[in-house]
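Please look over the model below with this note beside it.

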Amino acid sequence: MQIIEKTRTTKETEISLKFNLRGQGKHNIEMPANFFCHMLREFCAHGKFDIELSAKSIDNDMHHLVEDVAIVLGQAFKESLEDKRGINRYADIFIPMDDALCQCAVDISGRSYCVCKFDLKDERTSDFETVLLVHFYNTFVQNAGITLHIRQIEGFDTHHIIEASFKAFARALKIACAIDANNADELPSTKGIL
């Protein structure tokens with residue numbers, strides 16, 4: 001079990017993270033953003049990632065808080081994969097949640113590319129600005145070095161759409177990071193590098 005520890009301190013936020021890629025979905029999250037906390041708990045539960053996170057907002061701007069959490073989480077994810085030997089690399093999944101249906105496909109490629117397609121009718125859900133959803137995914141991808149395609153297929157309830165996307169993202173990452181027992185010593189790339 002490898003626990004990655006990351007910190008980020010700026011004039012805007014103070015972030016402290018402990019991350020275990022191959023955990024049990026345990027979480028201890030302290031942050032002044034209720035809905036985002038809820039999404040991160042779903043991320044832990046469905047990806048079986050263990051997270052201890054303390055995130056403080058210095059400037060009281062949720063944009064900076066979400067961004068900086070995504071930065072340290074993406075960095076920890078990347079570091080956890082080490083040389084990526086034996087991983088499945090690819091995964092895709094559909095996740096329904098009542099009216100909402102989201103699709104997520106990932107490639108643990110070493111290349112950062114993000115395509116997000118959502119049609120969110122509300123500017124906020126609870127204490128979360130919905131524009132931050134795409135910003136979270138983009139920032140995570142840039143720091144994790146992965147390719148992500150994630151989209152809303154159905155749905156009208158903003159909360160359900162966002163939650164389905166986080167669950168899909170977590171489950172796709174879990175599958176892509178899992179070790180392929182038949183190829184545990186191989187790098188899943190014809191280039192010889194990821």
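The points below go through the structure part by part.

1. Basis. The model is predicted, so local features need pLDDT of at least 70 and side-chain atom pairs count only at pLDDT 80 or more, while totals for chains, interfaces and linings use all residues. Residues are numbered from 1 along each chain as its sequence is written, and side-chain values use heavy atoms, with hydrogens and water left out. Helices (H or I, at least four residues) and strands (E, at least two) are DSSP runs, numbered from the N terminus.

2. Helix α1. This helix covers residues 34-47, and its end C-alpha atoms are 20 Å apart, in agreement with the 20 Å that its 14 residues should span at 1.5 Å a residue. The expected span is 1.5 Å times one less than the number of residues. Because 10 of the 14 residues are buried, α1 is largely enclosed by the rest of the structure. Buried means under 20% relative accessible area, exposed over 50%, and partly exposed in between (1.4 Å probe, protein chains only). Among the buried residues of α1 are Phe35, Phe36, Met39, Leu40 and Phe43, and also Glu42 and His46.

3. Helix α3. From its first C-alpha to its last, α3 reaches 21 Å with 14 residues, close to the 20 Å expected at 1.5 Å a residue. This helix is mostly covered, with 10 of its 14 residues buried. The buried set includes Leu132, Leu133, Phe136, Phe140 and Val141, as well as His135, Thr139 and Asn143.

4. Aromatic pairs. A pair of aromatic rings is described by the distance of the centres and the angle of the planes. Here rings of Phe, Tyr and Trp (its six-membered ring) pair if their centres lie within 6.5 Å; planes under 30 degrees apart count as stacked, over 60 as edge-to-face and the rest as tilted. The count comes to 15 aromatic pairs. One of them, Phe140 with Phe169, is edge-to-face, at 5.2 Å centre to centre and with 85° between the planes. This pair links distant parts of the chain, since Phe140 is in α3 (residues 131-144) and Phe169 in α4 (residues 158-177), 29 residues apart. Phe140 is buried, with a relative accessible area of 0%. Phe169 also counts as buried, at 0% relative accessibility.

5. Cavities. On a 1 Å grid over the protein atoms alone, a cavity is a set of points where a 1.4 Å probe fits but cannot get out, and a pocket is an open set with protein on both sides within 12 Å along at least five of seven lines; lining residues have an atom within 4 Å of a point. Grid points are joined across faces, edges and corners, and a volume is the space filled by probe spheres set on the points. The search of the whole structure finds 2 cavities of 30 Å³ or more.

6. The largest cavity. Its volume is about 40 Å³. Its lining includes Phe35, Phe36, Met62, Val66, Asp127 and Leu132. The elements that give two or more residues to this lining are α1 and α2 (62-80), and α1 provides the largest share, 3 residues. By class, the lining has 7 nonpolar, 1 polar and 1 charged residues. Ala, Val, Leu, Ile, Met, Phe, Trp, Tyr, Cys and Pro count as nonpolar, Asp, Glu, Lys and Arg as charged, and the others, Gly among them, as polar.

7. The second largest cavity. This space holds about 30 Å³. Leu17, Ile29, Leu40, Ile51, Leu53, Val69 and Leu73 line it, with β4 (50-57) and α2 being the elements that give two or more residues. The lining has 7 nonpolar residues, no polar and no charged ones.

8. The largest pocket. About 180 Å³ of space lies in the largest pocket. Of its 13 lining residues, Gln2, Leu21, Arg22, Ser80 and Glu82 lie nearest the centre. The lining has 5 nonpolar, 3 polar and 5 charged residues.

9. Lys48 is found in the loop between α1 and β4 and is partly exposed, with a relative accessible area of 36%. Lys84 has a positive phi of about 70°, again without being a glycine. Lys84 is found in the loop between α2 and β5 (90-97) and counts as buried at 7% relative accessibility.
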